[in-house]
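Keep the structure open while reading.

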Amino acid sequence: MEGGPVHFCGPGHSQMTQSANRSLELVLLGIFTLLPLFLLALVLRLDAMPGQVLALAHIADLDFALAFRFDGLSLLFAGLITFIGFLIQLYSLGYMAGKPGRLLFHLYLTLFMLSMLGLVMAENLVLLFIFWELTTLTSFLLIGFTHEQFVARRNAVQAAVVTGAGGLCLLAAAVLLGQMAGTYQLSGILVQGSALLDDPLAVPCLLLILLAAFTKSAQFPFHFWLPGAMAAPTPVSAYLHSATMVKAGIYLLARMSPVFSEMDLWFWSLAIAGGVTALWTALMALRQTDLKLMLAYSTNTILGALTLLLATGHKYAMVAAMLLIVAHAFYKASLFMVIGNIDKATGTREYGKLAGLGTGMVITLGCAVIAGLSKAGFPPTFGFLSKEYIYKAGFELGWLFLLVLFLANAIMVCLAAVIVHRPFLSRANETHAKAKPIEHIWVLWMAPLILAIGGILVPFLLLGWVEERLVTPAFFAAAPGMEEVHLHLWEGFSPALLLSLATLATGLLMAWVYEHVSRGVHSSTHRLPVASEVYFSLMTGIRKLSSLITDNLQHGRLTGYLLTFLGALSLMVSYAVWSSGHLPDFSPLANISYVYWSLAALLVMSVVVVIRSNSRLLCVCALGIFGFITTLMYMLYSAPDVAKTQLLVETLLIVFLAIIMRRMPPLRSGPRHGPGRRAVNLAVACLLGGSVTVALLVVTSLPFNSQVPDFYAAQSYVSAHGRNVVNVILVDFRAFDTLGEALVVVVAGLAAWALLRTGTSGAKK
Amino acid sequence: MNLLILKTASHMVSGLMLVFSVFLLLRGHHEAGGGFIGALIAVIGFGLLMIAESPAYVRRRLRFPPEAIALFGLALCLLSGLVGPLFGYPFLTGVWWKDILPLGTPLFFDIGVYLAVIGAVLTILLALDEELD
């Protein structure tokens, strides 16, 4: 990865270029920061237009279109991506100030944001896949940004491998879906809806889509890459794990929900994966001592809950999912930035080393409290709103759903309380880390504060706007034809509200005895296999397998290479003859005149001499005789061009051998193969010779289709102005093949040249 | 090796071989011959000189590095193929201009093959000989 620091103010520059570079840097940073704001303004101006697309280019033959769609779901995600993207860019201005490669960092963030935007707005399945892979690539750059550290490199590769494997599944799913629907345009696919499920390809297609979505959205058992991605700088975590990267899988599920949601497989796989992810990662979050990892695992929990909600296709569940996507983006990005500020002020994120920061970081404390309230779901925050609808859905769906959602939410409350209380409000002593003042850098608190306050004010003041512009259009895009749900922040005393209060009470109780809970979870789960360790042993296994194959095939012994290659060739020829179903016709052998028989006998004799002789010179001579007799055969069968070429190649071979022979050790001086190996050699040689002979006999006994040679012979002079048909074929009729062959010859020459030259320079050193 | 007869004879023989190779290249379109066969003859001629004199001698008389000759030949093949598209035909279509001489892009294509093969094989041969010395 080229993540080298960009030194715009390198040493040795004059004062003037330094100030010029400084202003260039400022202009670029300004562009990177304001671009998402500009895009957000564009998104906000758009009305959701289901079914309408903006087609920029269209390749009809491939059914590929550079086209974008603007329905509610796309706009909801696009709004979040650009809004949070702007705040993250703003925050990074402060967070990355003075660090090497900060321009590169902003550039990567921008590229990632554009890939995400393309992903959620793509109208064509292939385009969706391309943007999906682009998010994998750009997130690799972001996660591995501090690539001097081993952990960052390893975890960036891990995220890229897991989500990249999912990307391949998405490609296969896109092809299957395109085959099923007869079009690659999403609008064409979504119109057909569940009618597509009659196709036998529906089940494999759904499985592939699920694999893609589960890897991207870090569902169990692929959840481990998300906490690993915490090796990235905090703004990256705040962006990737609140509104973007991990939500791409959720977007894909919501997008495909109109097609697949009536399948039982859809319900069960989503419900099980989501439920297991939510519960397991919530427990894992309780075990962590690093505040950022706590947040990472709680992101996993939210993703599990979202998958669980999407499984049902129930109207309240869909609305709750849309609300949770927005609410989570607000408070999680804000909390990540709060942790980033703690890290920047104290240099640590360890739970045990932090206390009493509230006095020095008042505004950060405020952000943490407000965002924490939203995470915990206190009224009247966005988190409360989404939780109300989650419980409403839960009451409709059954007690098991309700139990899973209740437990996950209670642990969220506990985590929120711990993250706010312990670092900020508890009493500090001399064992705790000292904090530097950082709040004079206004962007560091401005970005989280906007998000935190937004999480309270938006549901309070703009609920109608949220319902009309964000949630309802997205809801109809994911669940067309369903009854509309109206949002209310306060619905009187309902079972959902009572359950909310019970959640709060349970969560706070858990936070009260957090040390015990954490230790208890740790001692009961630390013996279980950890998914990332399974992943690493899998990777080690792949490496071992590949080195095993390499060691056995690329051993550097020429005789071994020849045996492998000729053995494979003889097997392939034998299989081709056997599978053709034709028996060889030996009758032409009776008509061969004695001249050919005697030539063949000479051939065999020269080969015997090559095998048995102890002198290299004799070997070369016998080989030459072999070649010249072959040439003679061509002449007798009236193929002068082939004969001439063969003659010249034989001569050239002699020239090569003459040059090499001066330096070769005496023949038979090296170790010889044992009897077993020589038997294998003999068997391969006999098999190859026999199979080629039989193949030739089969081919020549088949009726000869003279259409092609007749065409060449007839057209050679008329349209190609040449009487030598062989040459006309080479330079005109099949010139493209000749061009390829010339390329091969030149590349082989250059490769041999490079190999020999490195040998020389190495020897001279 | 200092063999007077071999040296003297190889200069004459290899000169003749080079002329003959060009002859084969040019007559190839109508009679037996062509770029590939011509190139092999030329390479054998150079190989003879290499044995009689030295690789350095052949390099000097060649004037251009053999790698460059190979790449130039390949480029000539490509360019002769690109003439077709200029006149609205597909890539590598033969375009002829027979007003004075029977000239056509297949001839240039064949010359390209001739140079590519000479360059590539000589590259290997010279590098091999120099490596062994």
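This is a predicted model. By class, six nonpolar, five polar and two charged residues line its largest cavity. The points below start with that cavity, then turn to the backbone and to helix packing.

**Cavities**

- Searching the whole structure turns up four cavities of 30 Å³ or more.
- The largest cavity has a volume of about 80 Å³.
- Its lining comprises 13 residues. Nearest the centre of the largest cavity lie Leu324(A), Lys375(A), Gly383(A), Ser386(A) and Asn409(A).
- Four helices of chain A each supply at least two residues of this lining: helix 13 (315–346), helix 14 (362–376), helix 15 (382–397) and helix 16 (399–425).
- Helix 15 of chain A gives the most to the lining, with four residues.

**A cis peptide bond in chain A**

- The bond from Phe220(A) to Pro221(A) is cis, and its omega is near 0°.
- Pro221(A) sits in the loop between helix 7 (202–216) and helix 8 (225–228) of chain A.

**Positive phi in chain B**

- Arg63(B) is not a glycine, yet its phi is positive, at about 70°.
- Arg63(B) belongs to the loop between helix 3 (55–62) and helix 4 (66–86) of chain B.
- Is Arg63(B) buried or exposed? Arg63(B) counts as exposed, because its relative accessibility is 72% and the cut-off for exposed is over 50%.
- Leu92(B) is not a glycine either, and has a positive phi of about 75°.
- Leu92(B) lies in the loop between helix 4 and strand 1 (96–97) of chain B.
- Leu92(B) has a relative accessibility of 11%, so this residue counts as buried; the cut-off for buried is under 20%.

**Helix packing in chain B**

- A pair of packed helices is described by the angle between the axes and the distance between them.
- At what angle do helix 2 (residues 35–52) and helix 3 of chain B pack? The angle is about 135°, and the axes are 7 Å apart.
- Helix 2 of chain B is therefore oblique to helix 3 of chain B.
- Helix 2 of chain B brings Phe46(B), Leu49(B) and Met50(B) to the contact. Helix 3 of chain B brings Pro55(B), Tyr57(B), Val58(B) and Leu62(B).
- By class, this contact has seven nonpolar, no polar and no charged residues.

Note on methods. Residues numbered from 1 in each chain as written. Chains lettered and ligands numbered in written order. Predicted model: local features only at pLDDT ≥ 70, side-chain atom pairs only at ≥ 80, totals over all residues. Heavy atoms only, no water. 1 Å grid on protein atoms, 1.4 Å probe; cavity = no way out; pocket = protein on both sides within 12 Å on 5 of 7 lines; lining within 4 Å. Points joined across faces, edges and corners; volume = space filled by probe spheres on them. Nonpolar A, V, L, I, M, F, W, Y, C, P; charged D, E, K, R; others polar. Buried < 20%, exposed > 50% of the residue type's maximum accessible area, 1.4 Å probe, protein only. Axes fitted to C-alpha atoms, helices over the stretch in contact; angles between N-to-C directions. Parallel < 35°, antiparallel > 145°, perpendicular 65-115°, else oblique. Contact = heavy atoms within 4.5 Å.
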